[in-house]
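Work through the exercises below with the structure open. Try each task before reading its solution.

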Amino acid sequence: MFDNLTVNQRAALLSVAMLVVGLLIWEAAIPAQKAAGELTEYERLTGGGAPKAGVPPPSDVLTKAWEQLSNPFYDAGPNDKGIGIQIGYSIYRVLTGYFMAALVAIPLGFLIGMSQVAYKAFNPFIQVLRPISPLAWMPLALFVIQDSEASAIFVIFICSIWPMLINTAFGVAGVRQDWVNVARTHELGAFRTAFTVILPAAAPTIITGMRISIGIAWLVIVAAEMLVGGTGIGYYVWNEWNNLDLTSVIFSILMIGVVGMLLDSAFGFLQRAVAYAE
Amino acid sequence: MSKPFLSIERLTQKFPDGQGGTLTVFENATFGIEKGEFVCILGHSGCGKSTIMNILAGLAEPTSGVVKMDGYEVSGPSLDRGVVFQNYSLLPWLSALKNVTFGVKAREPGWSKAKVEEHARQYLAMVGLEGDVVYRKPSQLSGGMRQRVSIARAFANHPKLLLLDEPFGALDALTRGTIQDELLKIWSGTGQTVFMITHDIDEAILLADRILLMTNGPFARVAESVEITIPRPRSRTEIVEHPNYYAIRNHLVQFLGQRSKELAGQKSDSTELRPDTVRIDHTDAEAVENPETSPRLRAVNE
């Protein structure tokens with residue numbers, strides 16, 4: 001019955017089937033709340049009559065999602081903003097820190113990739129700084145910068161810089177000598193060689209580094225916003241946890257995934273645009 | 001003593017041999033090339049042909065010796081010396097056309113975009129690349145087409161000296177034949193000075209005015225300069241009928257098969273470093289010569 005479908009159509013069908021089955025299992029696994037029967041006075045006084053908090057069923061989450069997404073930008077005070085505003089804050093912080101990191105990492109990566117001396121001189125610092133969890137910088141950032149917003153951006157900056165720096169250096173160092181020789185026999189200066197030969201040759205590797213970085217930045221922003229608070233999707237998750245609104249927690253977890261996927265696919269698109277076959 | 005257009009004087013290249021000593025690839029290589037001449041160099045691998053080519057291109061520095069072009073010493077790469085590499089060296093992210101305009105833009109920074117493109121298209125057409133094919137990326141072109149693009153890029157720049165490093169080495173015999181013909185056609189139209197490395201004796205006879213023969217390395221040297229006494233225009237089917245063809249071919253085969261080994265490592269006498277000139281001509285009935293006994297004219301360049 002599926003013989004005349006393409007591979008993509010069959011895969012899509014299977015995905016939908018898995019989603020439906022998964023949601024049904026989830027819905028069925030939530031135990032029905034016991035109806036409050038006859039309670040002793042003691043039980044009533046200790047809150048036994050209230051429904052026990054549990055994981056909400058998917059139908060509740062979907063209702064919540066519909067409610068939130070139909071009005072994403074409302075703003076009703078510091079602790080009650082629409083999901084669109086919260087995600088907007090997170091994306092703004094991620095992109096600010098990320099592009100500042102790109103401005104540092106890509107030129108520095110070029111330098112390290114082109115010069116053996118620079119590579120050897122920078123390498124010990126990179127190797128020590130790279131494995132540090134970005135959140136470990138948070139106390140120092142808060143103390144030095146004295147601004148929670150800027151500290152979150154700094155944490156994004158510091159975690160995005162490494163994959164971009166290392167991939168740029170690797171891509172630039174790996175440019176085929178033949179292509180560099182083409183530039184040399186055409187008497188291109190250092191800048192024109194960098195922009196017309198080395199940059200396009202290393203672009204796929206550089207974009208791969210940028211793609212890894214944006215993924216890490218999006219992972220880190222949630223944790224950073226849980227710490228600094230105020231606004232953002234990470235703060236939103238934590239705030240809803242404090243409100244014991246599990247429906248909102250699950251909904252925002254899904255939104256984090258969707259936004260992360262969109263950011264990644266934007267870079268996937270860029271990657272395909274600069275790819276070349278040898 | 002009139003200097004040739006390109007003069008290679010006492011070129012020596014030594015490399016570390018990996019055991020603390022040095023390996024002399026070639027020593028005191030000395031020869032000249034006249035303007036408009038097509039010169040091929042033949043020799044076994046390891047005699048340093050590619051190193052000589054890289055030195056002429058300015059991509060490598062010799063241990064000692066000088067290369068002079070038009071009376072000026074050559075140092076570093078220059079647009080005056082165009083190179084066609086064996087592996088084409090096209091930039092894979094650019095189309096065939098853009099690969100050629102890349103070179104033209106570097107040569108003529110003042111030209112308008114339209115003029116650069118028209119010039120590039122003209123040279124691509126000379127090597128038989130026209131129409132939609134010029135918009136393809138190198139990965140979408142066959143090996144032969146890629147090398148055509150590379151040749152077009154080099155000729156479009158009108159270098160004073162064109163260096164071809166085994167340009168047809170990676171191509172099959174039939175494609176090689178077609179592109180050799182195209183190379184001859186484009187060369188005869190421009191009067192370009194060409195220096196070419198090849199492993200193919202027939203290719204060298206078809207294309208060259210003169211063939212330089214190198215002895216085996218280490219301590220290789222340019223031992224002979226064989227004139228190709230077959231009139232132009234040449235075609236591959238007609239030159240094999242020419243009385244000089246097999247005489248020259250036999251001489252080259254003998255050299256590469258035997259004498260390149262015998263002469264290997266011998267230091268040339270220090271007074272005369274230029275290669276012996278060998279001229280084999282059977283067309284003049286009175287002067288029928290056996291190549292082995294023919295008188296060697298020396299130092300025709302001086």
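**Exercise 1: a loop residue in chain B**

B:Q192 has a relative accessible area of 6% and is therefore buried (buried means under 20% relative accessible area, exposed over 50%, partly exposed in between; 1.4 Å probe, protein chains only). The model is predicted: local features need pLDDT of at least 70, side-chain atom pairs count only at pLDDT 80 or more, and totals for chains, interfaces and linings use all residues. Residues are numbered from 1 along each chain as its sequence is written, chains are lettered from A and ligands numbered from 1 in the order in which they are written, and side-chain values use heavy atoms, with hydrogens and water left out.

Task: State where B:Q192 lies and what is in contact with B:Q192.

Solution. Step 1: B:Q192 sits in the loop between α5 (173-190) and β8 (193-197) of chain B. Helices (H or I, at least four residues) and strands (E, at least two) are DSSP runs, numbered from the N terminus.
Step 1: Leaving aside neighbours within four places in sequence, the contacts of B:Q192 include B:G36, B:F155, B:K160 and B:W187 (contact means heavy atoms within 4.5 Å).

**Exercise 2: a salt bridge at B:K160**

Task: Find the salt-bridge partner of B:K160 and say which parts of the chain the pair links.

Solution. Step 1: The partner is B:D70, with the closest N and O atoms 3.7 Å apart. A salt bridge is a side-chain nitrogen of Lys or Arg within 4 Å of a carboxyl oxygen of Asp or Glu.
Step 1: B:K160 is in the loop between α4 (143-156) and β7 (161-165) of chain B, and B:D70 is in the loop between β4 (64-69) and β5 (72-73) of chain B, 90 residues apart.
Step 2: B:K160 is partly exposed at 35% relative accessible area, and B:D70 is partly exposed at 39%.

**Exercise 3: chain B against chain A**

Task: How many residues does each chain bring to the contact?

Solution. Step 1: Chain B gives 20 residues and chain A gives 17 residues.
Step 1: Between chain B and chain A there are zero salt bridges.
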